[in-house]
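Hello,

Here is the structure I promised to pass on.

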Amino acid sequence: MELRESRLSNGDPVGAIANKLGTSLLFHGRLRDIDRRTVGGFARSIVAHKQSEPGKS
């Protein structure tokens, strides 16, 4: 519901969901690469991202 309402009002959908959940954003940017593997029965991931200024993609 938050996502739909935010998109209809041309708002910030990610910000609306974070606000609803009471969380904060860790970074603003795009994911470049995700390396996933299983080690000792546990999923491990390394994520590379390109950080950008808020409001820019």
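How many salt bridges does the structure hold? There are two, where a salt bridge is a side-chain nitrogen of Lys or Arg within 4 Å of a carboxyl oxygen of Asp or Glu.

Before the details, a word on the conventions. This is a predicted model, in which local features need pLDDT of at least 70 and side-chain atom pairs count only at pLDDT 80 or more, while totals for chains, interfaces and linings use all residues. Residues are numbered from 1 along each chain as its sequence is written, and side-chain values use heavy atoms, with hydrogens and water left out.

Helices here are DSSP runs of H or I with at least four residues, strands are runs of E with at least two, and both are numbered from the N terminus. K20 is exposed at 59% relative accessibility, whereas E2 is partly exposed at 28%. For those words, buried means under 20% relative accessible area, exposed over 50%, and partly exposed in between (1.4 Å probe, protein chains only).

The other salt bridge pairs R37 with D35, whose closest N and O atoms are 2.9 Å apart. R37 is partly exposed at 44%, and D35 is partly exposed at 33%.

Finally, S24 lies in the loop between helix 2 and strand 1 (29-39). S24 is exposed, with 62% relative accessibility. Its C-alpha atom is 21 Å from that of S45, which is 21 residues away along the chain.

Best wishes
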